[in-house]
Amino acid sequence: AVVSTQSTGKYKMADKKTQTNKAINASTQADDKKKKIKRPTIELGIYLARLHKKTDNKTRLSLKSLVTTNEMLLEFIRSLSKVLRELKQKTKTQTLNINDIKAAIRLVVGDGELAKHCIMEGSKAVMKFEKK
């Protein structure tokens, strides 16, 4: 390939090695961009803000509180799914029934008012779903 030099105005032959090195560097940079695929994240902050807006129209949640609540809920979901997976492996079944989910909630949350409230709301949601 012929390359012109700006200062002297003369032409010189370019090295084939430098051209191939540039091509290799460009291809590896393109491969690096392909490898960095973002994993989808579950964001519940939008739904938390909407729910809070329905319950209390005058106040809003700060971004910091939404992030904290989002992380708490995601950690709860992760621990619940871990317990459900273990229950599924121990019972050697392919599907989970309502009693398995109730047991997992009791294991994760504990035997308090929160567990009772979670189970009650979950049962209400299942009943509403079964009606349709």
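A salt bridge is a side-chain nitrogen of Lys or Arg within 4 Å of a carboxyl oxygen of Asp or Glu. I kept that cut-off at hand while reading this structure, which is a predicted model.

**Entry 1, the pair K124 and E121.** I looked up K124 and found that it forms a salt bridge with E121, with the closest N and O atoms 3.4 Å apart. The two residues are three positions apart in helix α5, so about one helical turn separates them. I noted K124 as exposed, at a relative accessible area of 51%, whereas E121 is partly exposed at 34%.

Searching the whole structure, I found three salt bridges. In helix α5 (residues 113-131), the side chains of E113 and K116 meet at 4.0 Å, N to O, and both residues are exposed. In helix α3 (residues 63-91), E75 and R78 lie three residues apart, and their closest N and O atoms are 3.7 Å apart. I read E75 as partly exposed at 46% and R78 as partly exposed at 47%.

I then turned to T55, which is found in helix α2 (residues 45-55) and is exposed, with a relative accessible area of 61%. Its side chain reaches the backbone oxygen of H52 at 3.0 Å.

I counted five helices and two strands, following the pattern β-β-α-α-α-α-α along the sequence. Of the 132 residues, 11% count as buried, and the accessible surface of the chain comes to about 12100 Å², of which 59% belongs to carbon and sulfur atoms.

Key
Residues numbered from 1 in each chain as written. Predicted model: local features only at pLDDT ≥ 70, side-chain atom pairs only at ≥ 80, totals over all residues. Heavy atoms only, no water. Helix = DSSP H or I, 4+ residues; strand = E, 2+ residues; numbered from the N terminus. Buried < 20%, exposed > 50% of the residue type's maximum accessible area, 1.4 Å probe, protein only. Polar contact = N/O pair within 3.5 Å; in protein donor to acceptor, adjacent residues only side chain to side chain. Areas by Shrake-Rupley, 256 points an atom, 1.4 Å probe, with all protein chains shown as cover.
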